[in-house]
Amino acid sequence: MSPQLYFLVILNFLPPLFERYIFTELCRRNGGLLIFFLVHVLFVQSHAQEKQSNYASPSKYTIGGITTSGLQYLDQDIIISLSGLKAGDEIAIPGDAISNAIRNLWEQNLFTDIQIYVTKTIGSNVFLEIALKEKARLSRFMLRGIKKGESDDLREKIKLVKGRVVNENTKITTANIIRNYYREKGYLNAVVTIREIPDTLLTNSVLLDILIDKGSKVKIGSIRFEGNEVISSKKLKKLMKDTREKAKFDLKAMLNRKNIKQAIPDSVSFFRMLGNLSPSQAYRYISNYTNLNIFKSSKFIPDKYKDDKDKIIEYYNSKGYRDAEIVNDTVYMFRNHLKIDIQVDEGRQYFFRNITWKGNTKYTNTYLSSILNIRKGQVYNQDLLDERLNMSPSGNDVSSLYMDDGYLFFQITPVEINIENDSIDLEIRIYEGPQATINEVRIYGNTKTKEYVIRRELR
């Protein structure tokens, strides 16, 4: 760089305070350099004003043509269509049309870089180039750290096909499928590591190295219920068909003096305690420390655990505890085993009281009540009520009574009209509708049996 140019560069960074001094010195010592300096300043200012005016007042152009570059797997016409730009459109440059086109292409999640250039302008026509860099494609994948049988099962589940775009969503989805697969088998701590490796044999392709550490199977150490007074913990555990404690026989805890004192404060030994307990009480105490569940799995599967909790509530409802709920449940690790704490709010028990009928004209209240067969004072059971009204396996329900007599538009709705203390009054509202009759019977497809024979059998 010449001394003059070096001097001008420095001058651009000087504060205005020194500009007058330098200008005066230039006038006095070097008139030629002053002229060069003035030309430079005018050029810079002109360029800045031109650039500012371009952005403030964008120019209108008609798209004369659009080309693409950088595509390997995708079709050029489809990409141009996805951009929202097309030949013949009038756009402003700079303007929203170009920005929207880039945004539309980013939303496809197929590219790592997107640029749109003006290649040339002819009069008011502008020609654009969409420069793209596609994301890498999958050439193959490997599953490591597991057995061949598990690998075959996972290959069918993850469905990674050659040529698929590899992005973060692909890897996250694959890892989740693998973890869910092992979670269903009781491996709750499975770790999946997915690594992209460039494939040297194919351009812009990668292979996925999927390393799986399924860890050890997690078993349920104990299930503890709180708040259940009416239904025993042992009964509630039996309801949980797919969530069970592992087998155990804790003789030390069973003979522990502290545990014995908690069971019967007056006892001084285990054997004296057994003498003071009834057989059922002794059984309940011993069952707290023994579990001979050696033939059934004790693995924890979240979806089945949720279903088992629903079974508990359904059982409470069948016993008249319609407000029963699980207010809190906690699943946590303790010494390499899972512990499950379930807090139950049983609520109060309800009973059927007065059941009335409304809207029935074909059958009397007495007859319908005999079909329903629910007596006053009987434990309130929603499932039993639904079965007697609509869904009895034997067909001995109110709906079947009407439907079998041609009332195809029949509807029945039980409504709780009064809840007083522990008693519930029901009003069963019936819409009988018109009785349907057979208008015409058409028979098709009978090639061996004559139509009159079929009609004779239908009578």
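This is a predicted model: local features need pLDDT of at least 70, side-chain atom pairs count only at pLDDT 80 or more; totals for chains, interfaces and linings use all residues.
Reader: Hi! Quick one to start: is S392 buried or exposed?

Author: Hello! S392 is buried, as its relative accessible area is 14%. Buried means under 20% relative accessible area, exposed means over 50%, and partly exposed is in between (1.4 Å probe, protein chains only). Residues are numbered from 1 along each chain as its sequence is written, and side-chain values use heavy atoms, with hydrogens and water left out.

Reader: Thanks! Where does S392 sit, and what is it in contact with?

Author: S392 is in the loop between α15 (382-391) and α16 (398-403). Helices (H or I, at least four residues) and strands (E, at least two) are DSSP runs, numbered from the N terminus. Leaving aside neighbours within four places in sequence, S392 is in contact (heavy atoms within 4.5 Å) with E387 and D397.

Reader: What does α15 lie across?

Author: α15 lies across β13, β14 and β15, and runs at about 150 degrees to β14. For such angles, axes are lines fitted to C-alpha atoms, for helices over the stretch in contact, and the angles run from 0 to 180 degrees between N-to-C directions.

Reader: And in what order do those strands come in their sheet?

Author: The order is β13-β15-β14, in an open sheet of 3 strands with mixed pairing. Two strands pair if DSSP finds at least two bridges between them. β13 (351-358) and β14 (411-420) stand at the edges, each with a single partner strand, so one side of each has no neighbour in the sheet. On average, neighbouring strands of this sheet are turned by 25 degrees against each other, direction ignored.

Reader: How many bridges join β14 to β15?

Author: There are 9 bridges between β14 and β15 (residues 423-431), and the two strands run antiparallel. V415, for instance, has E427 in β15 as its bridge partner. Helix α14 (residues 365-372) also lies across β13 and β15, at about 135 degrees to β13.

Reader: Changing topic: which residues of α6 are buried?

Author: In helix α6 (residues 148-158), the buried residues are E150, S151, L154 and I158. They are on the same side of α6 because they cover an arc of only 100 degrees around the axis, the arc being that of the directions from the helix axis to the C-beta atoms.

Reader: Why would residues three or four places apart point the same way?

Author: An α-helix has 3.6 residues a turn, so residues three or four places apart point the same way.

Reader: Nice. What do the buried residues of α6 pack against, and what is on the face turned away?

Author: The buried residues of α6 pack against β5 (137-144), α7 (168-183) and β7 (205-213). Exposed K148 and E156 are carried on the face turned away from the buried side. Just after α6, K159 has a positive phi of about 50 degrees.

Reader: Last topic, F334. Where is it found?

Author: F334 is found in strand β11 (residues 325-334). F334 counts as partly exposed because its relative accessibility is 39%.

Reader: And what does β11 pair with?

Author: β11 pairs with β12 (residues 337-345) in the antiparallel sense, over 9 bridges. Here Y332 stands opposite K339 in β12. The two strands form a hairpin with 2 residues between them, and R335 in the turn has a positive phi of about 55 degrees.
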